[in-house]
Amino acid sequence: MSTRLAKGGRLINRAAPVEFSFNGKRFRGYEGDTLAAGLLANDQMLVGRSFKYHRPRGIVASGPEEPNALVNLGSGARLEPNQRTTTTELFDGLESTSQNHWPSLEFDIGVVNNTAARFLPAGFYYKTFIHPRPFWKHVFEPIIRRSAGLGKAPTTGDADRYEQVYAFCDVLVVGAGVAGLLAAKAAADAGSRVILLEQTPTLGGRAPVDDTEIQGQPVDAWLTAIEADLAARDNVTIRTRTCGFGVYDHGYVLADERVADHTPGDGRPKHRLWRIRAGKIVTATGAIERPLSFAGNDIPGVMLASAVRDYVTNYAVSPGDRTVIVTNNDSAYHTALALKSAGLDVPAILDAREVADGALPEAARAAGIRVLTGKAIAKVKGSKRVNGVAICAQAGEGAVQEEIACEAVAMSGGWSPVVHLWSHCGGKLTWDEGISAFIPDPSRPPLNHDGSAMVEVVGAAAGDLSLTGSSVAIPPVWVMPQGAPIQLRSKMWLDYQNDVKVSDVQLAAREGYQSVEHTKRYTTLGMATDQGKLSNINGLAVLADALGQEIPQVGTTTFRPPYTPVTIGALAGESRGEIFQPLRRTPMHEAHEKAGAYFEPVGLWRRPYCFPRAGETHEQAVHREVLNTRTNLGLLDASTLGKIIVKGPDAGRFLDMLYTGVMSTLPVGKCRYGLMCNEQGFLSDDGVVARIDEDTWLCHTTSGGADRIHAWMEDWLQCEWWDWKVYTANVTEQYAQVAVVGPNARKLLQVLGGMDVSKETLPFMQWADGTLAGFPVRVYRISFSGELSYEIAVPSSHGAAFWAACVDAGRALGAMPYGTECLHVMRAEKGFIMIGDETDGTVIPQDLGLDWAISKKKADFLGKRGQERVYLASPDRWKLVGFETLDGSVIPDGAYIIADGTNANGQRNVQGRVTSTYYSPTLKRGIAMGLLKQGPARNGEVVEFNTVAGGTVKARVRDMVFYDKDGEKQNV
Amino acid sequence: MLILECPYCGVKADETELSPGYEAHLKRFGPGASPEEFEAYMFARKNPKGVHFERWRHSYGCGKWFLAARCTATLEVFGTYSSQVSEPPADIIAKIQARRPGWQPDGKVTK
């Protein structure tokens, strides 16, 4: 059994015991433990079930490369799935539960998959579930979804907060092992501003575990000295518990600091995301030990040799009384010596090499350990935990020569430098024959903005394994024994988390997969949350062998950020809830809230959709607002309307290019409706333009279009007509605007008093400056409803007060505020188009019957050439018309007009679609506008729209002005 | 995430401050242009692996459009310059040629 040793443990504080739970069982550990160490100290070898076969799985590693030991951490609003026990620091009260099993970890029904494993090879899902089609959706997928998968997503919001910080430095060092510390010191000595990141809570990396000497000093003394040295410098910032997980363009690095994972609820942010811009990046990310591929290498108790000595040395945890070592290199001998000096038994070291005569093997022999060279594991014995190994010759096919009883197996297949950060921005790799690993090629680095090398790699990450004791050559051992038959190869796991075995990769190769990228996706090798940190090199070596190619020829899959999973909370930072995105509120927003408005988002704005009264549905409120506006008086907050000032000697000429109509001839004091198109000729925005003075125009845009249109104007002025003398200013938020609409509109303005708004002084499509009730106003006599209507602009600071004045004075005139839906219904009754409803980026003004707003005389305007394209002149284009259902019902939103026959895909042909459809309270029936093939030419024809419920609804084609066609209502 | 120096305000701007604006030095074709000319202007944009001229706007800064010469493969930036020129200026060409010996500006740059 695995247990806590009586003494030792460099990282644990025995004076500070902590209690934690796993699947409801209460365990004891110490401050400084990882959860994995705490579980092993309590003999919890079995910690989870595998993804596909539900095989029992234990802890393999001691760092972020761990594929198996993932748990649900915490509960309720602090539940986090898929947390790595090997990087989770233990704290008092920690709750954890295992994942992916049913009904229990010890007894899992899904393990039938295991006995049926030979029927679940690579690509099984693709091969089996293709036919019959409906079975996938209704039978296979629900079953697979229940049996596969890892942790469960939390169902409540996250109780914690996260923050983000920006940082800048000359040199960023990622990884604070010996190489990283030396790099940081060298950069600091040179006067650089240095940031040093370390993913674990302590500095020093692996060196103290292996008890080596650094620069002639014992490693602990050396570490103490350099830590003190760096900490004392003003130009060095050290962040522990901070993983630099991604390198991006031009020296940009993201790092995740686990601030309060180990102190939940203490008020600090849980994580802090560092956005670092570095002049140069040094990666000292070390190397990760590789597993060996032998039968049964996934049974709980089989661990990486480096992890075994981490647990013994750092946490005083024994994986078992007897540990067999299996290796192809010298570094695993450290583990044998560490176990021995902790008083534990090492029955044998199985070394796949024929000769092992380095200093470490000799030290092991001198310690009395049996070293067997040329040997391999034929098979690991046990199911939920190891109880022995069968030994064979590495050169053979697995004939068992001897069996050794043991509780743990420590394996080492060599070391893979962590090259991820080097590779994120395109740093290239080269295959190192000496250590059988990919290492960064310094002659092909990722480049910075000036073409210089952006990343430098030092230490084990660069292939320098001298500190691990593995500097001597590591011969490749990809399958153990080398001639293993299929019975053994189908029990050799490459990817523990995704259940990919040696036999799966070989099958993929036999089925014709040659690219490592395709093989990865077909077998799912390396696609789990550990992203193949343990499995990728072993997997591609097996693939290369199966294809009869060299490993460098096969190459690696692409390394992409993040290096380890990053919680979405850290990426979101403070951008949650109310501050997820900026909210734009008009000056009258508070008054609308008090009036009980129901708001809808319009871009970043929030606009009242309607003002429901007690007991009213939204629909009833909208109908009341429409009828009241048409018979009495309605008040609309139109402040969100885009307002752009265009000014200068060439402003008229510029607007003539921008709009399809002519704006330069507009007299001062008058308004004109205008359309803007993009260069393809498609309608982009519309609005009323007012001529303010000789060289000033004010352009109204749609509420959502103000920023876009302003940017569009600037684009042409700065990049095409830069010699034209024109200034633009987006003054949308400088003015609050109130639309006073309805038969009593003029009366309200007269009650407010201060200026002449009579028909004679201020006729339709004119504007005037003046005062109303003492407010400085600009009154535009324009209408989007068909009623007598004034849009009154006041400086924003007066907006709330002016709105209140209108509401107060309007009460006696029957005034009611109305919202955007009422606005939509009234404009549809009048046949006015709405950008985004009648247009979708493929519609030209001519399609909408707006030819009258397009100048025939102008030589050029934006979109003119685009509109001259021959197919846009086709009579078969879908053109705008009105529709009246025969039964008076409302056509569903988005409905299509069906045509005879079907298309090549067997879908019903269509000949048009609805663009605006409403119940008209004024006409007491459904009204609609839509685009129909040949449109107006088919006036009077009856067409059929499909409906969501199935079936169709018949409607008669008509003109699109349903209300007051002659405009008598607005022109009074 | 790129850094480009705005030639107007001098700020070394993070990509999040900028808006991309596709290929630089396009010649506009309006009414009277042949279908081929209009198609080339509207749709046939260059997408080279290597030296490329682009429009960027310092949207969340000074608001100015500027042009950038950079390598789309290595992300090396050769320089940024005013949008109010019809072709890459000589000093930018010289900077590119210093880093990419033998590189010649595209003969089709006409505006």
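Colleague: In this predicted model, which residue forms a salt bridge with A:Asp43?

Modeller: A salt bridge requires a side-chain nitrogen of Lys or Arg within 4 Å of a carboxyl oxygen of Asp or Glu. For A:Asp43 the closest N and O atoms of the pair are 3.1 Å apart. The partner is A:Arg385.

Colleague: How many residues apart are A:Asp43 and A:Arg385, and where do they lie?

Modeller: A:Asp43 belongs to the loop between helix 1 (35-41) and strand 4 (48-49) of chain A. A:Arg385 sits in the loop between strand 23 (375-382) and strand 24 (386-393) of that chain. The pair therefore links distant parts of the chain, the separation being 342 residues.

Colleague: Is A:Asp310, which meets A:Arg206 in a salt bridge, buried or exposed?

Modeller: The side chains of A:Arg206 and A:Asp310 meet at 3.0 Å, N to O. A:Arg206 lies in the loop between strand 10 and helix 6 (207-210) of chain A, and A:Asp310 in helix 8 (residues 305-315), 104 residues away. A:Arg206 counts as partly exposed because its relative accessibility is 24%. A:Asp310 has a relative accessible area of 7%, under the 20% limit, and is therefore buried.

Colleague: Which residues are joined into one network by salt bridges that share partners?

Modeller: Over all chains the count comes to 60 salt bridges. Some of these share partners, and one network of this kind consists of A:Arg55, A:Arg57, A:Asp298 and A:Asp499.

Colleague: How much area do chain B and chain A bury between them?

Modeller: The contact takes 31 residues from chain B and 31 residues from chain A. In chain B, the residues that lose the most area to chain A are B:Met1, B:Arg28 and B:Pro31, together 27% of what that side buries. Carbon and sulfur atoms account for 51% of the total, which is about 2600 Å².

Colleague: Which residue of chain B forms a salt bridge with A:Asp715?

Modeller: Between chain B and chain A there are four salt bridges, and 15 residue pairs are in polar contact. In the salt bridge of A:Asp715, the closest N and O atoms are 2.7 Å apart. The partner in chain B is B:Arg55.

Colleague: Which element gives the most to the side of chain B that touches chain A?

Modeller: That side divides into 15 nonpolar, eight polar and eight charged residues. Helix 1 (35-42) and strand 4 (51-57) of chain B each supply at least two residues. The element that gives the most, with four residues, is helix 1 of chain B.

Definitions and conventions: Residues numbered from 1 in each chain as written. Chains lettered and ligands numbered in written order. Predicted model: local features only at pLDDT ≥ 70, side-chain atom pairs only at ≥ 80, totals over all residues. Heavy atoms only, no water. Buried < 20%, exposed > 50% of the residue type's maximum accessible area, 1.4 Å probe, protein only. Contact = heavy atoms within 4.5 Å. Buried area = accessible area lost by both parts, 1.4 Å probe. Polar contact = N/O pair within 3.5 Å; in protein donor to acceptor, adjacent residues only side chain to side chain. Nonpolar A, V, L, I, M, F, W, Y, C, P; charged D, E, K, R; others polar.
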